[in-house]
Amino acid sequence: MPEHIGIDTSNYTTSVAVYISGENRVIQRKRLLPVKEGELGLRQSDAVFHHTKQLPELIEELCGEYRPTRSATVAASVRPRNVEGSYMPCFLVGEGYARAYSASTGTELYTTSHQIGHILAALYSADRLSLVRERFIAFHISGGTTDCLLCESDSDSVLSITEVGNSLDLKAGQAVDRAGVMLGLRFPCGAELEKLAMNADKRFKVKPVIKDGCCCLSGVENKCREMLGNGEKPENIARYCLDFVAETILAMTDRAIERFGSLPLVFAGGVMSDKLIRDRIVARYPSASFAAPEFSCDNAAGVAIYGYLRQAGDDVCL
(Lines give C-alpha, C1' and ligand atoms only; values in the text may rest on other atoms or scores of the structure.)
Protein backbone atom coordinates (compact mmCIF):
# COMPACT_ATOMS: atom_id res chain seq x y z
CA MET A 1 0.00 0.00 0.00
CA PRO A 2 1.61 3.32 -1.07
CA GLU A 3 2.98 5.43 1.77
CA HIS A 4 4.01 9.07 1.69
CA ILE A 5 6.55 10.52 4.11
CA GLY A 6 6.39 14.14 5.25
CA ILE A 7 8.93 16.20 7.22
CA ASP A 8 8.48 19.64 8.74
CA THR A 9 11.17 21.43 10.74
CA SER A 10 9.43 24.70 11.55
CA ASN A 11 10.60 27.35 13.95
CA TYR A 12 9.22 25.62 17.07
CA THR A 13 8.31 22.01 16.20
CA THR A 14 10.11 19.01 14.72
CA SER A 15 7.62 16.76 12.95
CA VAL A 16 7.57 13.64 10.79
CA ALA A 17 4.52 11.85 9.38
CA VAL A 18 3.45 9.02 7.11
CA TYR A 19 0.27 9.25 5.04
CA ILE A 20 -1.09 5.84 4.05
CA SER A 21 -3.16 6.80 1.03
CA GLY A 22 -5.09 3.53 0.67
CA GLU A 23 -6.43 3.92 4.21
CA ASN A 24 -6.54 7.74 4.27
CA ARG A 25 -4.62 7.49 7.54
CA VAL A 26 -1.87 9.63 9.06
CA ILE A 27 0.69 8.50 11.61
CA GLN A 28 2.82 11.30 12.98
CA ARG A 29 5.34 12.20 15.63
CA LYS A 30 6.26 15.73 16.66
CA ARG A 31 8.11 17.51 19.44
CA LEU A 32 8.39 21.15 20.45
CA LEU A 33 11.81 22.74 20.45
CA PRO A 34 12.97 23.57 23.99
CA VAL A 35 12.57 27.25 24.90
CA LYS A 36 13.92 28.51 28.22
CA GLU A 37 11.41 29.66 30.82
CA GLY A 38 10.56 33.34 30.47
CA GLU A 39 11.81 33.57 26.89
CA LEU A 40 9.68 34.15 23.79
CA GLY A 41 11.51 32.08 21.21
CA LEU A 42 14.78 30.74 19.81
CA ARG A 43 17.58 31.97 17.61
CA GLN A 44 17.63 30.21 14.26
CA SER A 45 21.03 28.63 15.05
CA ASP A 46 19.54 27.05 18.18
CA ALA A 47 16.44 25.90 16.27
CA VAL A 48 18.64 24.20 13.66
CA PHE A 49 20.63 22.45 16.40
CA HIS A 50 17.53 21.11 18.16
CA HIS A 51 15.91 19.96 14.89
CA THR A 52 19.13 18.14 13.96
CA LYS A 53 19.02 16.32 17.30
CA GLN A 54 15.27 15.65 17.44
CA LEU A 55 14.47 14.58 13.87
CA PRO A 56 16.31 11.21 13.99
CA GLU A 57 14.76 10.48 17.40
CA LEU A 58 11.25 11.13 16.08
CA ILE A 59 11.83 8.99 13.00
CA GLU A 60 12.97 6.15 15.28
CA GLU A 61 9.81 6.59 17.38
CA LEU A 62 7.61 6.58 14.30
CA CYS A 63 9.25 3.49 12.87
CA GLY A 64 8.80 1.77 16.21
CA GLU A 65 5.05 2.01 15.65
CA TYR A 66 4.86 1.79 11.88
CA ARG A 67 7.75 1.09 9.51
CA PRO A 68 7.10 2.36 5.97
CA THR A 69 7.69 -0.36 3.40
CA ARG A 70 6.53 1.18 0.12
CA SER A 71 7.45 4.85 0.28
CA ALA A 72 5.99 6.39 -2.85
CA THR A 73 7.09 9.93 -2.05
CA VAL A 74 9.04 11.92 0.49
CA ALA A 75 8.14 15.57 0.95
CA ALA A 76 9.55 18.38 3.06
CA SER A 77 8.61 21.94 3.86
CA VAL A 78 11.50 24.14 2.74
CA ARG A 79 10.19 27.68 3.30
CA PRO A 80 7.53 29.46 5.38
CA ARG A 81 5.42 30.55 2.35
CA ASN A 82 5.48 30.12 -1.41
CA VAL A 83 6.59 33.68 -2.04
CA GLU A 84 9.90 35.11 -3.21
CA GLY A 85 12.35 35.68 -0.36
CA SER A 86 10.54 33.43 2.12
CA TYR A 87 13.35 31.65 3.95
CA MET A 88 14.30 30.33 7.39
CA PRO A 89 17.40 28.22 8.08
CA CYS A 90 15.51 25.74 10.29
CA PHE A 91 13.81 24.23 7.23
CA LEU A 92 17.20 23.11 5.90
CA VAL A 93 17.21 20.25 8.43
CA GLY A 94 14.06 18.61 7.08
CA GLU A 95 14.95 19.35 3.47
CA GLY A 96 18.39 17.79 3.92
CA TYR A 97 16.97 14.57 5.32
CA ALA A 98 14.33 14.34 2.59
CA ARG A 99 16.92 14.86 -0.15
CA ALA A 100 19.22 12.23 1.32
CA TYR A 101 16.35 9.75 1.69
CA SER A 102 15.22 10.36 -1.89
CA ALA A 103 18.72 9.99 -3.31
CA SER A 104 19.45 6.77 -1.42
CA THR A 105 16.10 5.03 -2.08
CA GLY A 106 14.99 6.45 -5.42
CA THR A 107 11.82 7.78 -3.79
CA GLU A 108 10.18 10.74 -5.54
CA LEU A 109 11.01 14.00 -3.75
CA TYR A 110 8.65 16.97 -3.44
CA THR A 111 9.10 20.25 -1.57
CA THR A 112 6.49 22.74 -0.45
CA SER A 113 5.90 25.54 2.04
CA HIS A 114 5.10 25.27 5.71
CA GLN A 115 1.93 27.24 5.01
CA ILE A 116 0.60 24.82 2.40
CA GLY A 117 1.34 21.99 4.81
CA HIS A 118 -0.82 23.70 7.43
CA ILE A 119 -3.72 24.21 5.03
CA LEU A 120 -3.63 20.63 3.74
CA ALA A 121 -3.49 19.27 7.30
CA ALA A 122 -6.58 21.32 8.15
CA LEU A 123 -8.41 20.08 5.03
CA TYR A 124 -7.51 16.48 5.84
CA SER A 125 -8.55 16.82 9.48
CA ALA A 126 -11.90 18.39 8.52
CA ASP A 127 -12.49 15.79 5.78
CA ARG A 128 -12.45 18.56 3.17
CA LEU A 129 -9.48 17.57 0.97
CA SER A 130 -11.76 17.86 -2.05
CA LEU A 131 -11.47 21.64 -1.68
CA VAL A 132 -8.05 21.48 -3.36
CA ARG A 133 -10.05 21.30 -6.60
CA GLU A 134 -12.07 24.42 -5.69
CA ARG A 135 -11.66 28.05 -4.67
CA PHE A 136 -11.76 28.76 -0.94
CA ILE A 137 -10.60 31.18 1.73
CA ALA A 138 -8.08 29.93 4.28
CA PHE A 139 -6.70 31.55 7.39
CA HIS A 140 -3.24 30.62 8.64
CA ILE A 141 -3.06 31.91 12.22
CA SER A 142 0.09 31.14 14.19
CA GLY A 143 3.09 32.69 15.88
CA GLY A 144 4.51 33.86 12.57
CA THR A 145 1.36 34.51 10.54
CA THR A 146 -2.05 36.13 10.69
CA ASP A 147 -2.86 35.57 7.03
CA CYS A 148 -6.12 35.58 5.10
CA LEU A 149 -5.54 33.65 1.88
CA LEU A 150 -7.44 33.07 -1.34
CA CYS A 151 -6.66 29.47 -2.37
CA GLU A 152 -7.14 28.02 -5.85
CA SER A 153 -6.23 24.71 -7.46
CA ASP A 154 -2.78 24.54 -9.04
CA SER A 155 -1.30 21.57 -10.92
CA ASP A 156 2.30 22.48 -10.03
CA SER A 157 1.96 23.30 -6.33
CA VAL A 158 -1.47 21.81 -5.43
CA LEU A 159 -2.64 25.22 -4.22
CA SER A 160 -2.06 28.68 -5.63
CA ILE A 161 -2.25 31.13 -2.75
CA THR A 162 -2.92 34.86 -2.91
CA GLU A 163 -2.59 36.80 0.33
CA VAL A 164 -5.57 39.13 0.78
CA GLY A 165 -4.97 40.18 4.38
CA ASN A 166 -2.37 39.91 7.13
CA SER A 167 -1.17 41.58 10.30
CA LEU A 168 0.66 44.86 9.83
CA ASP A 169 2.53 44.42 13.11
CA LEU A 170 2.21 41.73 15.80
CA LYS A 171 1.01 38.28 14.74
CA ALA A 172 -1.85 36.57 16.57
CA GLY A 173 0.36 33.86 18.07
CA GLN A 174 2.87 36.48 19.20
CA ALA A 175 0.10 38.42 20.93
CA VAL A 176 -1.02 35.26 22.74
CA ASP A 177 2.52 34.31 23.76
CA ARG A 178 3.50 37.80 24.91
CA ALA A 179 0.38 38.10 27.02
CA GLY A 180 1.01 34.63 28.43
CA VAL A 181 4.66 35.23 29.34
CA MET A 182 3.57 38.55 30.88
CA LEU A 183 1.23 36.52 33.11
CA GLY A 184 3.96 34.06 34.08
CA LEU A 185 3.05 31.26 31.67
CA ARG A 186 5.60 29.13 29.82
CA PHE A 187 6.15 29.58 26.07
CA PRO A 188 4.31 28.58 23.92
CA CYS A 189 1.43 29.92 25.98
CA GLY A 190 -1.72 29.16 23.95
CA ALA A 191 -3.08 26.18 25.87
CA GLU A 192 -2.37 27.64 29.32
CA LEU A 193 -3.75 31.07 28.37
CA GLU A 194 -6.96 29.39 27.24
CA LYS A 195 -7.28 27.53 30.56
CA LEU A 196 -6.76 30.80 32.40
CA ALA A 197 -9.33 32.62 30.25
CA MET A 198 -11.95 29.95 30.94
CA ASN A 199 -12.14 31.22 34.54
CA ALA A 200 -12.62 34.91 33.68
CA ASP A 201 -15.39 36.70 35.54
CA LYS A 202 -15.32 39.88 33.47
CA ARG A 203 -15.48 40.69 29.75
CA PHE A 204 -14.21 43.82 28.02
CA LYS A 205 -15.42 45.56 24.89
CA VAL A 206 -13.20 44.72 21.92
CA LYS A 207 -12.78 46.85 18.81
CA PRO A 208 -10.48 45.27 16.19
CA VAL A 209 -8.18 47.50 14.17
CA ILE A 210 -8.65 46.70 10.45
CA LYS A 211 -7.04 48.56 7.54
CA ASP A 212 -7.93 47.44 4.00
CA GLY A 213 -8.49 43.86 5.12
CA CYS A 214 -5.30 43.76 7.21
CA CYS A 215 -5.16 43.96 11.00
CA CYS A 216 -3.07 45.53 13.73
CA LEU A 217 -2.52 43.57 16.94
CA SER A 218 0.23 45.45 18.77
CA GLY A 219 -2.40 47.19 20.89
CA VAL A 220 -3.29 43.87 22.52
CA GLU A 221 0.07 43.57 24.25
CA ASN A 222 -0.03 47.20 25.40
CA LYS A 223 -3.56 46.87 26.76
CA CYS A 224 -2.74 43.62 28.58
CA ARG A 225 0.27 45.26 30.23
CA GLU A 226 -1.87 48.23 31.25
CA MET A 227 -4.53 45.94 32.71
CA LEU A 228 -1.90 44.00 34.66
CA GLY A 229 -0.44 47.23 36.03
CA ASN A 230 -3.91 48.29 37.16
CA GLY A 231 -4.34 45.08 39.14
CA GLU A 232 -6.74 43.28 36.79
CA LYS A 233 -7.07 39.53 37.38
CA PRO A 234 -4.88 37.35 35.11
CA GLU A 235 -7.95 35.35 34.07
CA ASN A 236 -9.65 38.49 32.75
CA ILE A 237 -6.53 39.67 30.95
CA ALA A 238 -6.24 36.27 29.25
CA ARG A 239 -9.87 36.44 28.15
CA TYR A 240 -9.44 39.95 26.77
CA CYS A 241 -6.45 38.83 24.71
CA LEU A 242 -8.25 35.85 23.18
CA ASP A 243 -11.44 37.84 22.56
CA PHE A 244 -9.44 40.50 20.74
CA VAL A 245 -7.77 37.91 18.52
CA ALA A 246 -11.11 36.23 17.79
CA GLU A 247 -12.85 39.49 16.87
CA THR A 248 -9.90 40.46 14.67
CA ILE A 249 -10.11 37.20 12.73
CA LEU A 250 -13.88 37.64 12.37
CA ALA A 251 -13.45 41.17 11.03
CA MET A 252 -10.89 39.93 8.48
CA THR A 253 -13.25 37.10 7.51
CA ASP A 254 -16.15 39.50 7.02
CA ARG A 255 -14.00 41.64 4.74
CA ALA A 256 -12.86 38.64 2.68
CA ILE A 257 -16.45 37.41 2.23
CA GLU A 258 -17.51 40.89 1.11
CA ARG A 259 -14.72 40.89 -1.46
CA PHE A 260 -14.87 37.33 -2.83
CA GLY A 261 -18.35 36.12 -2.00
CA SER A 262 -19.50 33.22 0.14
CA LEU A 263 -16.60 30.81 -0.43
CA PRO A 264 -15.78 27.85 1.85
CA LEU A 265 -13.80 28.91 4.93
CA VAL A 266 -10.88 26.93 6.35
CA PHE A 267 -8.97 27.87 9.51
CA ALA A 268 -5.47 26.48 10.07
CA GLY A 269 -2.52 27.14 12.38
CA GLY A 270 -1.79 26.70 16.05
CA VAL A 271 -3.89 29.63 17.29
CA MET A 272 -6.98 28.01 15.75
CA SER A 273 -6.77 25.13 18.24
CA ASP A 274 -8.05 27.57 20.88
CA LYS A 275 -11.67 26.62 21.68
CA LEU A 276 -12.71 30.10 22.81
CA ILE A 277 -11.59 31.61 19.51
CA ARG A 278 -13.06 28.79 17.47
CA ASP A 279 -16.45 29.01 19.19
CA ARG A 280 -16.76 32.72 18.39
CA ILE A 281 -16.00 32.08 14.72
CA VAL A 282 -18.41 29.15 14.44
CA ALA A 283 -21.16 31.24 16.01
CA ARG A 284 -20.98 33.55 12.98
CA TYR A 285 -19.82 31.07 10.33
CA PRO A 286 -21.25 27.64 11.25
CA SER A 287 -20.01 25.93 8.08
CA ALA A 288 -16.37 26.90 8.61
CA SER A 289 -13.84 24.04 8.69
CA PHE A 290 -11.17 23.67 11.38
CA ALA A 291 -8.34 21.25 12.00
CA ALA A 292 -8.40 19.10 15.11
CA PRO A 293 -5.81 20.33 17.65
CA GLU A 294 -3.21 17.72 16.61
CA PHE A 295 -3.44 19.04 13.04
CA SER A 296 -3.73 22.73 13.99
CA CYS A 297 -0.30 23.09 15.50
CA ASP A 298 2.83 22.66 13.40
CA ASN A 299 2.88 19.17 11.91
CA ALA A 300 4.19 17.14 8.97
CA ALA A 301 0.84 15.54 8.07
CA GLY A 302 -0.05 18.12 5.45
CA VAL A 303 3.43 17.87 3.97
CA ALA A 304 3.07 14.10 3.57
CA ILE A 305 -0.35 14.60 1.95
CA TYR A 306 1.21 17.16 -0.38
CA GLY A 307 3.55 14.45 -1.69
CA TYR A 308 0.58 12.18 -2.32
CA LEU A 309 -1.37 14.90 -4.16
CA ARG A 310 1.61 15.89 -6.29
CA GLN A 311 2.31 12.33 -7.36
CA ALA A 312 -1.31 11.46 -8.01
CA GLY A 313 -1.99 14.63 -9.98
CA ASP A 314 -5.28 14.62 -11.86
CA ASP A 315 -5.78 10.94 -10.97
CA VAL A 316 -6.15 11.69 -7.27
CA CYS A 317 -9.32 10.38 -5.66
CA LEU A 318 -10.68 12.86 -3.08
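The protein chain exposes about 13,900 Å², of which carbon and sulfur atoms supply 48%. The model is predicted. Its secondary structure comes to 10 helices and 12 strands, and buried residues make up 54% of the 318 residues in the protein chain.

**Overall dimensions and contacts**

- The C-alpha trace of the protein chain spans about 60 × 45 × 35 Å along its principal axes.
- A compact globule with 318 residues would have a radius of gyration near 20 Å, and the 19 Å found for the protein chain agrees with that expectation.
- Among contacts in the protein chain with a separation of 6 or more, 69% are between residues 24 or more positions apart.

**Helix α10**

- Helix α10 covers residues 301–312, and its 12 residues should span 16 Å at 1.5 Å a residue; the end C-alpha atoms are 17 Å apart, which agrees.
- Nine of the 12 residues of α10 are buried, so the helix is largely enclosed by the rest of the structure.
- The buried residues in α10 are A301, G302, V303, A304, I305, Y306, G307, Y308 and L309.
- G313 follows α10 and has a positive phi, near 55°.

**Cysteines**

- With a disulfide requiring two cysteine sulfur atoms within 2.5 Å, the count comes to zero disulfides.
- C148 is in no disulfide, as the nearest cysteine sulfur, that of C151, is 9.0 Å away.
- C148 has a relative accessibility of 1% and therefore counts as buried.
- For C189, the closest cysteine sulfur is in C241, at 9.7 Å from the sulfur of C189, which is too far for a bond.
- C189 is also buried, its relative accessible area being 0%.

**Aromatic pairs**

- The count of aromatic pairs comes to nine.
- In the pair of Y124 and F295, the ring centres are 5.5 Å apart and the planes lie at 75°, so the pair is edge-to-face.
- This pair links distant parts of the chain: Y124 lies in helix α3 (residues 114–125) and F295 in helix α9 (residues 293–296), 171 residues apart.
- Y124 and F295 are both buried.
- One aromatic cluster is formed by Y19, Y124, F295 and Y308; of these, Y308 is also one of the buried residues in α10.

Methods:
Residues numbered from 1 in each chain as written. Predicted model: local features only at pLDDT ≥ 70, side-chain atom pairs only at ≥ 80, totals over all residues. Heavy atoms only, no water. Helix = DSSP H or I, 4+ residues; strand = E, 2+ residues; numbered from the N terminus. Expected span 1.5 Å × (residues − 1). Buried < 20%, exposed > 50% of the residue type's maximum accessible area, 1.4 Å probe, protein only. Phe/Tyr/Trp six-rings, centres within 6.5 Å; stacked < 30°, edge-to-face > 60°. Rg over C-alpha atoms; globule rule 2.2 N^0.38 Å. Contact = heavy atoms within 4.5 Å. Areas by Shrake-Rupley, 256 points an atom, 1.4 Å probe, with all protein chains shown as cover.
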